[in-house]
Amino acid sequence: MVTNPAAVEAAAKLSVKKKGKNKDAKVEKMPPLQIQQSNPSYLVAANAIRKVGEKVASPISIFLNGLWNGDPTVCDYTSISTDGDSAPNVWATIYELHKIAPPILTTVIGNVASSLTAPEKDMRIKVVKLLGRLFYSPNSKIGSQFSPCFREWLRRHKDVNSEVRMVVAKYLVTILSNKKFDLMEETGSTLVRIIE
């Protein structure tokens with residue numbers, strides 16, 4: 001299963017429409033967020049990364065961190081977007097890599113988590129969503145493997161912006177519903193603090 005590009009585009013259209021930038025943007029029924037991957041090049045690339053993961057982990061993480069940080073020596077030479085609204089983008093790339101070879105993301109997760117306290121609300125929302133998806137992913141151990149990042153993500157339940165707090169609450173419920181036993185205690189107590 002992979003992220004459906006049509007769902008990403010529909011979400012971007014909906015976001016633009018909600019912000020009032022393009023009231024004519026039509027968003028029909030939302031397509032499924034995940035689809036079965038049948039793209040042969042994706043399957044070959046995923047298999048290659050799994051086979052040589054240790055050898056390519058460092059260059060891939062350097063590349064992703066460069067994209068994340070807006071390093072011109074990386075961004076100027078790739079078509080991967082850093083804004084998250086167009087495909088392909090660094091956000092979707094990180095999410096897909098966690099399904100293929102999570103160890104590659106060792107330095108990337110910490111870098112992403114450092115943006116949880118960014119002054120821009122939109123950036124915090126995007127980061128909370130990405131980390132939330134990584135933490136609740138059924139086969140992922142990222143929340144327990146990167147417990148300091150998970151705890152910093154949990155602290156966003158006190159964010160100054162209500163949208164950020166709502167996103168955290170939504171993902172906390174999803175983590176509980178996915179029976180992520182390794183994260184349940186902290187997740188449950190954070191939800192209780194939100195409700196109180």
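**View 1. Phe135, Phe150 and Trp153 make up one aromatic cluster.** Rings of Phe, Tyr and Trp (for Trp, its six-membered ring) are paired here if their centres lie within 6.5 Å, with planes under 30 degrees apart counted as stacked, over 60 as edge-to-face and the rest as tilted. The model is predicted, and local features need pLDDT of at least 70 while side-chain atom pairs count only at pLDDT 80 or more, whereas totals for chains, interfaces and linings use all residues. Residues are numbered from 1 along each chain as its sequence is written, and side-chain values use heavy atoms, with hydrogens and water left out.

**View 2. The buried residues of helix α8, which spans residues 147-154, are Cys149, Phe150, Trp153 and Leu154.** These residues lie on the same side of α8, because they cover an arc of only 145 degrees around the axis, the arc being that of the directions from the helix axis to the C-beta atoms. Buried means under 20% relative accessible area, exposed over 50% and partly exposed in between, with a 1.4 Å probe and protein chains only; helices (H or I, at least four residues) are DSSP runs numbered from the N terminus. Among the elements that cover the buried residues of α8 are α5 (106-113), α6 (121-136), α7 (142-145), α9 (162-177) and α10 (184-195), where contact means heavy atoms within 4.5 Å.

**View 3. Tyr136 and Tyr171 form a stacked pair.** The structure holds 5 aromatic pairs; in that of Tyr136 and Tyr171, the ring centres are 5.5 Å apart and the planes stand at 20 degrees, so the pair is stacked. This pair links distant parts of the chain, with Tyr136 in helix α6 and Tyr171 in helix α9, 35 residues apart. Both Tyr136 and Tyr171 are buried.

**View 4. The charged ends of Arg133 and Lys170 sit over tyrosine rings.** The charged end of Arg133 is placed over the ring of Tyr95, 3.7 Å from its centre, and that of Lys170 over the ring of Tyr171, 5.1 Å from its centre. A charge sits over a ring if NZ of Lys or CZ of Arg is within 6 Å of the ring centre and within 35 degrees of the ring normal.

**View 5. Ser115 lies in the loop between α5 and α6.** With a relative accessibility of 10%, Ser115 counts as buried. Leaving aside residues up to four places away in sequence, Ser115 touches Trp68, Met123, Arg124 and Val127.

Key. Helix = DSSP H or I, 4+ residues; strand = E, 2+ residues; numbered from the N terminus.
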